[in-house]
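This report describes a single chain together with its two ligand sites. Please look over the sequence and the structure before reading on.

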Amino acid sequence: MEDYNPAQIEGKWQDFWEEKGLFKAEDPSPFKKVRGPKKYILIEFPYPSSDGLHVGHVRSYAALDAVARKARMEGFNVLYPIGWDAFGLPTENYAIKTGIHPEVATQKNIANFKRQLKMLGISFDWSREINTTDPDYYKWTQWIFLKFFEKGLAYQAKIPINWCPSCKIGLANEEVIDGKCERCGAETEQREIKQWLLQITKYADRLIDDLKKVDYLEKIKTQQINWIGKSVGTEIDFKVDGLNEFIKVFTTRADTLFGVTAVVLAPEHPLVKKIVKDEQKKEVEKYIEESREKSEFERTKLEKEKTGVFTGAFCINPGNNEKVPIWIGDYVIATYGGGAVMMVPAHDYRDFDFAKRFNLPIRQVITPTQINTDKNTNSHELKEAFVDYGKLINSGEFNSLKSEKAIEKITEWLEKNKLGKKTVQYKLRDWIFSRQHYWGEPIPLVFCENCAVKIKNQKSKIKKGEFSEGELLNPGWIAVSENNLPVELPYIKKYQPTGTGESPLAAISEWVNVKCPKCNGPAKRETDTMPNWAGSSWYYLAYTMLGNQKSNLKNQKLIWDKEKIKYWMPVDWYNGGMEHTTLHLLYSRFIYKFLWDIGVVPKSAGSEPYQKRTSQGIVLAEDNRKMSKSFGNVINPDEIVKRYGADTLRVYEMFMGPFGETIVWNTKGVEGAHRFLNKLWDFVMVKIKGIGSKEIKTPNEGKVILNKTIKKVSEDIENFKFNTIISSLMELLNFFRGGKSSFEKIDIKQKDLEKILILIYPFAPHIAEEMWEKLGYHKGSISLEKWPKPDPKFLKEETFELIIQVNGKMRDKVSVPMNISEEEAKELTLGRETVKKWRGGKIIKKIIFVKNKLINIVI
Ligand code: ANZ
Ligand code: ZN
């Protein structure tokens, strides 16, 4: 009998699929009916790093490959595309280290990734391959930026940003993790730099509200909502004593207004310079200087010792006309809530610490509702801040109101007296859209002194249309004309960051100096490039527009093909890492909404790009740590495939554990998956001999288990329960092999054997194709077969009473389906109250499971 030899069969089928073009998606056409309803399946396209493919990539791609392959068999017209997200720091850093130009490195890395993906047999439609660093691609990334600019949604501002002293660049908040640079781990600082920003905050409400329209994992929705951080509160004006200036504070606790004992400004607050008294000047300046060195994370840590400095100035609490001191404290963030807080030490932890540190009065104005208010007065010394809602005391006419009501009433009163108003704040800031780096899309703008002067002097006279909104908003900045896109990234030798805050492009004078597209006068190009997230914010649209014609963007004229977008969008299922939930996912939803607003995306395609979003868990190394070159614990897919074959790797990664959970790599598990495929192979080779004979019938019990497995696999794929699918396929095989130990022969009809192969196919497509061919009765590929439907006749649930023992004594009973798996029985048993009671939190030594009979928990 022939042995299972993946090395011999996998390449053969990969070539076959490519030759026949089996995975090409079909575009809509006025002349021809497409093969079925569309299904757009998407994985986050990889960053082609020099490390090559990671087993984490494989988990995502193999899972959605199963989804795609099954969907094709169900008659869908499937789009499952692939491309390269290739601009950005890792390649630039690699280039700096090795001296290999980023463009060359990218080409090399892509070639390696491509080889690896083909080796895995993922059923991508390779004819739609995209690359964000291809000028014909980033032409449209630039075009999108110009649209933002034209509509006045892109603006330049000098803002404090996170600065990585090691990478020598500005970072968006999202790129700073716990105060450290996401890429290199260095502590970040604050710096003021001129940056381009996109007004994502204008879309904040829609980005929250439209989550109702989509089917995302709950935790993904929550993360998006928290990231946007919508907060409803009150803006209150505190008049500066002796000056005609107001400090606007933002508070979610207007009920605590009478407990204010100071107002604290962020060191960067614009009023600081105006109000500070001469005696305090020196100290204040020193303090501001110091806080500049700290990251926002460090400044706002709850447990950090509070620092601050008195300005010498006072302001008036509009609630009770009390004079309160104005302090500066770096726990107040300049870019949130107006950069000022009313300090209520009795009811806020940070304010409490601050007041203790600087001996400021602490006045309680809220008291727990269940305690008699008389006993709880000002004289009572608080040991810590009381931050809950309660009843008001020491608050004049608002006394004895409950917090909720008091917030409403005090806000109304402030509004009536023009001292404040109800308002909404967002944690989300505008998106910093420029980087001082070489390896990115050039921002397609030029700066023209002539035009700057003209706009400044004649702003009111400028005819509509002569300048765009963006040009009026950013005097002197002029858009490159659409016909001159792309603004190509020049090929340079020195791509090290300058460290001055400028990108290396600034040094190439023949590139920088151009003519102004408006007035033909001398102008200079913007030398900043776009962030890594730019190219990935619209790539799912690029795929839809690249079908059937020539296979890359070069041959396209204008690519916004609305018919195709309308047909393919939204993406039906998008899978990617949890680490992209607050960055890429939010940015790409924003960009899509903007394109939808300006009509590039047809209205009927819907206002959300992704209908369903899931996430795979991280794959840890065998030593329980993150896989990392520096730990030397990286599992290389090449080696696994060489040793066991692609099908084994794929099956293992689906089987390793629940799809959404972090899983530790286990070489024994790989071997287990390999054994399973070997057994399957041997089984089919034996069965092939007798197959086709009319007398062979599948016994009833076999029909039942087969049909139940068909149902289970069909449903579990949609619910991304890939691990339970593999285990039920293993059980199915074991059944027909006649149990693990016996060699009792169980018959299987040819048609039923075929169904088993089809069920295996989405997970181990090469071996399935090969066995299908060996069956010999079929022309063509298993890829073209129909997905089986379970026969309801065999699906009737049979149940039995599962006996539950703890340490061998029967403690519980439960009715469960026949043939319940050990995994399922375990989960169900351990969740039961009686079991929890008998177990009493003790450690489980082992679990004994007797199929269709009992389960015994040994503690
Ligand atoms: C007075 C107060 C009293 C507050 C109290 C809380 C409790 P969220 O929910 O995150 O929006 N705050 C406002 N602006 C700030 C800034 N720029 N930097 C640091 N903190 C700031 O939180 C709103 C609360 O955060 C506001 O309500 C304010 O403190 C503080 F018993 O105002 B509160
Ligand atoms: Zn000009």
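Where is the place of Asn 633 in the chain? Asn 633 sits in the loop between strand E27 (619–620) and helix H19 (637–644), where helices (H or I, at least four residues) and strands (E, at least two) are DSSP runs numbered from the N terminus.

## Basis of the description

This is a predicted model, in which local features need pLDDT of at least 70 and side-chain atom pairs count only at pLDDT 80 or more, while totals for chains, interfaces and linings use all residues. Residues are numbered from 1 along each chain as its sequence is written, chains are lettered from A and ligands numbered from 1 in the order in which they are written, and side-chain values use heavy atoms, with hydrogens and water left out.

## The chain as a whole

The chain has 27 helices and 32 strands, and its C-alpha atoms fill a box of roughly 105 × 80 × 50 Å along the principal axes. Of its 859 residues, 56% count as buried, the term buried meaning under 20% relative accessible area, exposed over 50%, and partly exposed in between (1.4 Å probe, protein chains only).

## The surroundings of ligand 1

Ligand 1 is surrounded by 16 residues, a residue being near a molecule if one of its heavy atoms lies within 4 Å of it; the closest are Ser 231, Thr 251, Ile 333, Tyr 336 and Lys 427. By class, the shell divides into eight nonpolar, five polar and three charged residues, with Ala, Val, Leu, Ile, Met, Phe, Trp, Tyr, Cys and Pro counted as nonpolar, Asp, Glu, Lys and Arg as charged, and the others, Gly among them, as polar. Strand E12 (246–251) and strand E16 (340–343) each supply at least two residues of this shell.

A polar side-chain atom of Ser 231 lies 2.7 Å from an oxygen atom of ligand 1, and a side-chain N or O atom of Thr 251 is 2.7 Å from an oxygen atom of the ligand. In the case of Ile 333, a backbone N or O atom lies 2.7 Å from a nitrogen atom of ligand 1. The protein covers 84% of the 640 Å² of accessible area that ligand 1 has on its own, with areas taken from the Shrake-Rupley method with a 1.4 Å probe.

## The zinc site

The zinc ion (ligand 2) is coordinated at 2.2 to 2.4 Å by the SG atoms of Cys 448, Cys 451, Cys 516 and Cys 519, donors being N, O and S atoms within 2.8 Å of the metal (3.2 Å for Na, K and Ca). The angles among the four donor atoms run from 98 to 116°, and the site is tetrahedral, a label given to four donors if all angles lie between 85 and 135 degrees.

Along the chain, the donors follow the spacing C-x2-C-x64-C-x2-C. Cys 451 lies in helix H13 (residues 449–458) and Cys 519 in the loop between strand E23 (513–515) and strand E24 (522–525), so the pair ties together parts that are 68 residues apart in sequence. Cys 451 is buried, with a relative accessible area of 3%, whereas Cys 519 is partly exposed at 35%.

## Individual positions

Asn 633 counts as buried at 11% relative accessibility, and its side chain is joined to that of Asp 623 by a polar contact of 3.2 Å. Ser 727, found in helix H23 (residues 722–736), counts as partly exposed at 24% relative accessibility; Ser 727 and Met 654 are 73 residues apart in sequence and 9.9 Å apart in space, C-alpha to C-alpha. A polar contact here is a pair of N or O atoms within 3.5 Å; within protein, one must be able to donate a hydrogen and the other to accept it, and residues adjacent in sequence count only if both atoms are side-chain atoms.

Definitions and conventions
Four donors count as tetrahedral if all angles lie between 85 and 135 degrees; four count as square planar and six as octahedral if opposite donors are over 155 degrees apart and all others between 65 and 115; anything else is irregular.
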